[in-house]
Structures are given as structure tokens and as C-alpha cells.
Amino acid sequence: MKRLLTIIVVIFCFFTNFLNVYGEEIEYVSDYVYLYDLDNKQVLIDKGSNEKIYPASMTKMMTLIVAIENISNPEETITITDEMLRGLNEANASQAGFKVGDEPRLLDLMYGVNLPSGADCTNALAYYVSGNLENYVELMNNKAKEIGMTNTNFKNVTGLHDDNHYSTLQDIAKLMEYGLKNELWSTIFKSKTHTSIPINSNPNGIEMVSTVFKYINNDSKLKYNVSIDGFLGAKSGYTNQARYCLASIAEKDGVRYALISAHAWISREIPSHVLDAEIIYNYYYNNFHKKVFYNENDVILEIPVNFNFNHKKVEIKATEEINRIVNNSSNVKVVVDSEKSINAPISVDDVVGTLKILENDNIIYETSLYPSKDIEKQFIAYILTVLFWFVINNKMKIFAFIIIMILLVSLMKIIVNKSKK
């Protein structure tokens, strides 16, 4: 009966997702999803990105970066002790497979943290760096504060459940971005496999396979295999409370996507976090594209300048490439609002207008516009311009004044002539 229900759930979910993707609607099972452009930070999906979640083994991304930043020689070997492995089997923690007495390189342990999500590796690194797990967790929380993970608290190095061990998708995104700036962390995060040096328990070394890549873009005979073009790297996680969660990146057609998801609830026989990644990435690949509106230093507009004879206009330029990911079928337009003219002196810090990009009349980008250079105020230009404006704005008054003066002069002449007679 249980197997029959599982089959029904599998068929239903696959059929539903198939219809939604190819019917140009998107549906996924994760309760929390955060998808955005890594380069311009445009948010594409935000479903509870600031809600508290249990990060499970996504925690190990922090464990790894703290280890990398506190280890000067990754080629150094370390002896695995009983203390490092204590309690892991009882907790049913995922492990890379190192045994007491093995002497792997620290680098092997680093790969073991991310690829097979090895709790044996996280513990070994923690003991090497800090002498115990508690001090290492303190390093992790300090690093979280340093990189702006304001809604995160770590209680262990593995991600095993603790009610006070929590984060948010936005914080996990900050952690992933921070790690990607580190060359070794990035290399490990993007790796599919790694084999350790020969060790006592395995003369051929331990072969490690990514818990995510084994399901993606491969020729294996697993029950389920997904295709995601440009999939670059990931860290997955699972506990009963956290459910399936995933932090990943992919690149397609010049766009670097970041996807973090949590609490996918389908039976463990289905890699639901990977299935969601396939659905979400491929939906955006098929239905969206990157549109470049301005390249860096492109002139957006020119505004006339008053009070300076040498600079009659000032250019407003794009300070960086302005682009957005837009739906293939959307109506997209650029709206620029600015002053008709501006008075010198002008500073590059002066806001002289705004630029908005609208998709189906919804603002998807907005920025202030600034002059491309400083322009000083010329006194003579100011005086002459003011006089010109006065004449233009008061020409009827001036004309009436001249007429009155002519009449007065004529009247005076008449009076003088009569007086002479």
C-alpha cells in the first residue's frame, strides 16, 4: 500500500510539473524559494526568502569557508580520531567514509564536506582548527555576522537538527556569494567528484561524488536524472524538519542564476530539491532572456545647461551596464524623467532625473541620473542669461513701457510747443 501511494505521488507530481512548465506556468514543491540574478541582484522568485528555515547540510557551506580561511596548508595530513567521529552513526549523519586512524589531507576533508556532505569531515576540520566543536561553531557565527547574515544562528558544524540552528534563504544566498569569491571554495562547490589520497581504510583512496551532481546532467542508471544546462555547483541538505533544501548556481545565455530552496516535502525516493531546480531553471531558460538597455558609458540623454557659455549641454551616462531579465512575451519600455534644463554650477553628485524600466507597466528597475561631469557657473553668462530671461518673460510690460514713454515724450513736446506760443 505504501509503495502504491508513493507511485501515485510520483506520477502526480511529474505530470503536474510537466503540464505547468510546458504550459508556461511554473510550479514547484519547495515551500521556500529564492531565485535571483547573481550579477545585478534582480529577484525573480521570492517565496519566503526572509522566513526562518532549518538549513540542514547547507550549513556545511559555512563550515567549509571557515576551514579554508583558517588553514594555511590544505596539503597537510591529519589523523582521524575516535572523538571526531563520535555520535555520527547514532545521529544517522551523512559521512564521506573516513575511519579512525586514517590520515587524509585537509584538502580531502574539504572536498568531503561539500560533495558527499560528510559530517566526519566537518568534525575533523573543526577539531583541527579549534580543538573542539563549540569553538568552531563560534567562528561560524562570527563569520555569519561579518558577512551580514543577520537572521542566522549556528549550533553545530553539520546542520543536524537543533531548534536554535536556523537561517533564511537570503542569508544562505549571502553565504554562497561570499564563498564563491574564494577560489578554493568555489572550485569545491563546483566539483562533481574527488578522490582522496590513499588511506589506511582504503588504499585506493575514498571516491567522493556530489550528492547533487549525481542526479544532474549525467549518464548514470539512477531512477531519476535531470537536465539543467549550465548547472555549475550546489550544496544540498536534508533533515526531517528541514526537508529537502538546496543552494545552487547556473549560467545560461549570459545570466548567472542563484537558486536557494528549502522544505521540499515529497518522499525521499524522489530528489525533490533537484526536481524543483530543474523545473525552475528550465522555466526561466525557456521563457525569459537578458535584455541590455544601456552599456556602461552609453549616453542616456543630454540636458541643456544655463549660466555657462562653454558647456551648452551636459551628458547623462550609464555608470554601468543596465540590464534586466524579462519575459519573452512582455511589453518592456524605458521611461526617463529629467529637468528640461539645469543651472550651473553642476556637480556629478546632483540628481537630475530618474530612469525606470517597466515590464507590462510594472517597475522592474529604477535609478537616479547624474551629470557626467562638473560644470562651473560663469558670472557673465549668468548676468546676460538673467537679462535675456527678464526681457523674454516681460516683453509685454517692456513694450507697454516703451509706448508709454513715447506718449509721454510726445505729450511733453506738445506742452512745450504750446508754452512757446
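Me: Which residues of α7 are buried in this predicted model?
Reply: The model is predicted. In α7, the buried residues are L169, D171, I172, A173, L175, M176, G179 and L180.

Me: What covers the buried residues of α7?
Reply: The cover includes the strands β1 (30-37), β2 (43-47), β6 (243-252) and β7 (255-264). It also includes the helices α2 (60-70) and α8 (183-189).

Me: How do you know that the span of helix α7 agrees with 1.5 Å a residue?
Reply: Helix α7 has 12 residues, 169-180, so at 1.5 Å a residue it should span 16 Å. Its end C-alpha atoms are 16 Å apart, which agrees.

Me: Why is A56 called buried?
Reply: Buried means under 20% relative accessible area. A56 has 1% relative accessibility, so A56 counts as buried. This residue is found in the loop between β2 and α2.

Me: What makes the peptide bond between A344 and P345 cis, and where does P345 lie?
Reply: Omega is about 5° for the bond that joins A344 and P345, a cis peptide bond. Most peptide bonds are trans. P345 lies in the loop between β13 (342-343) and β14 (353-359).

Terms used: Residues are numbered from 1 along each chain as its sequence is written. This is a predicted model: local features need pLDDT of at least 70, side-chain atom pairs count only at pLDDT 80 or more; totals for chains, interfaces and linings use all residues. Side-chain values use heavy atoms; hydrogens and water are left out. Helices (H or I, at least four residues) and strands (E, at least two) are DSSP runs, numbered from the N terminus. The expected span of a helix is 1.5 Å times one less than its number of residues. Buried means under 20% relative accessible area, exposed over 50%, partly exposed in between (1.4 Å probe, protein chains only). Contact means heavy atoms within 4.5 Å.
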